[in-house]
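I opened my notebook to look through this structure with you. Here are my entries, in the order I made them.

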Amino acid sequence: MNALVVYFSKFGNTQKLAEVIAEGLTGIGDVRTVSSDELTVKDMKDADLLVMGSPTHNMNLPKSVKPVFENLPKRILGGTPVAAFDTSYKMSWLLNQFTASKRLVKKLRKLGGRPILPPEIFHVKEREGPLYEGELERAQAWAGSILMQLD
Ligand SMILES: Cc1cc2nc3c(=O)[nH]c(=O)nc-3n(C[C@H](O)[C@H](O)[C@H](O)COP(=O)(O)O)c2cc1C
């Protein structure tokens, strides 16, 4: 199985989580971690599992992530299992509705991806981080939940 963990990260926190999640997925086959600006159409086509992570910027996806989803073949993910996570501040339930992972799941679904878990939020203390204590461990556990969905 080809698992692909794609991330965007301005300050390194989302990247750290992506690496921990990729590590947690080892064992299912070939696991690659790719920055969103290096992602190719072939990468997406070849993926048997696609996990994507991004920070929330202005209650949305960062501007630099949006182009990733442009000009792609329709339904390129045709049924591929997908899961998305983001890094955000701790917020009220209402503001939690506007996070990058929710947007990512929508975009991935539009491309034919099959979400296997709800969008997951990991929390940073300040704009540049760090992540709250325990978030890397939670990311490792989340990778375990992904694996369980694939059984
Ligand atoms: C331009 C900008 C806008 C942001 N807007 C939000 C926001 O709307 N909600 C939020 O929870 N965090 C917001 N943040 C904080 C980011 O979530 C935080 O920088 C990110 O989680 C750090 O991850 P990274 O190290 O991978 O870049 C914003 C950060 C930047 C730089």
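**Entry: methionine 59.** I looked up methionine 59 and found 14 C-beta neighbours inside 10 Å, so it counts as partly exposed. By the rule I used, a residue with 20 or more other C-beta atoms within 10 Å of its own is buried, one with 12 or fewer is exposed, and partly exposed lies in between; C-beta atoms are placed from the backbone. Methionine 59 sits in the loop between E3 and E4. Its phi is positive, about 60 degrees, although it is not a glycine.

**Entry: ground rules.** I am working from a predicted model: local features need pLDDT of at least 70, side-chain atom pairs count only at pLDDT 80 or more, and totals for chains, interfaces and linings use all residues. Residues are numbered from 1 along each chain as its sequence is written. Helices (H or I, at least four residues) and strands (E, at least two) are DSSP runs, numbered from the N terminus.

**Entry: asparagine 71.** I then checked asparagine 71, which also lies in the loop between E3 and E4. Asparagine 71 has a positive phi of about 55 degrees, and it is not a glycine. It is exposed, because 7 other C-beta atoms lie within 10 Å.

**Entry: strand E3.** Next I asked myself how many residues of E3 are buried. The count is 7 of its 7 residues. Leu49, Val51, Gly53 and Pro55 cover one side, and Leu50, Met52 and Ser54 the other, all of them buried.

I followed the pairing from there (two strands pair if DSSP finds at least two bridges between them). E1 and E3 run parallel over 5 bridges, with leucine 4 opposite leucine 50 in E3. E3 and E4 are also parallel, joined by 6 bridges; methionine 52 has alanine 84 in E4 as its bridge partner. Then 4 bridges join E4 to E6, again in parallel, and aspartate 86 is partnered by isoleucine 121 in E6.

E6 has a covered face, Glu120 and Phe122, and an uncovered one, Ile121 and His123.

**Entry: helix H1.** H1 has 13 residues and reaches 19 Å from its first C-alpha to its last, close to the 18 Å expected at 1.5 Å a residue. That expected span is 1.5 Å times one less than the number of residues. I noted that 10 of the 13 residues of H1 are buried, so the helix is largely enclosed by the rest of the structure. Among the buried ones are Asn13, Thr14, Leu17, Ile21 and Leu25. What covers them includes E1, E2, E3, E4, E6 and H4 (contact here means C-beta atoms, placed from the backbone, within 7 Å). After H1 comes glycine 27, with a positive phi near 115 degrees.

**Entry: the core.** Which residues touch the most other members of the largest nonpolar core? I found Val5, Ile21, Leu50, Val51, Ala84 and Leu108, out of 35 residues. A nonpolar core is a set of buried Ala, Val, Leu, Ile, Met, Phe, Trp, Tyr and Cys residues joined through C-beta atoms within 7 Å. E1, H1, E3, E4, H3 and H4 each supply at least two residues of this core, and H1 gives the most, with 6 residues. Valine 5 touches Ala18, Ile21, Ala22, Val31, Thr33 and Val51, leaving out residues up to four places away in sequence.

**Entry: helix H3.** The buried residues of H3 include Lys102, Arg103, Leu104 and Leu108. The buried residues of H3 pack against E3, E4, E5 and E6. Just after H3, glycine 112 takes a positive phi of about 100 degrees.

**Entry: the ligand.** I counted what surrounds the ligand and got 18 residues, the closest being Ser9, Phe11, Asn13, Thr14 and Thr87. Near means a C-beta atom, placed from the backbone, within 6 Å. H1 and E4 are the elements that give two or more residues to this shell.

Entry: The peptide bond from glycine 129 to proline 130 is cis, with omega near 0 degrees, and proline 130 lies in the loop between E6 and H4. Glutamate 38 is in the loop between E2 and H2; it is exposed, with 8 other C-beta atoms within 10 Å. Glutamate 137, in H4, is exposed too, with 10 other C-beta atoms within 10 Å.

Technical notes:
Contact = placed C-beta atoms within 7 Å.
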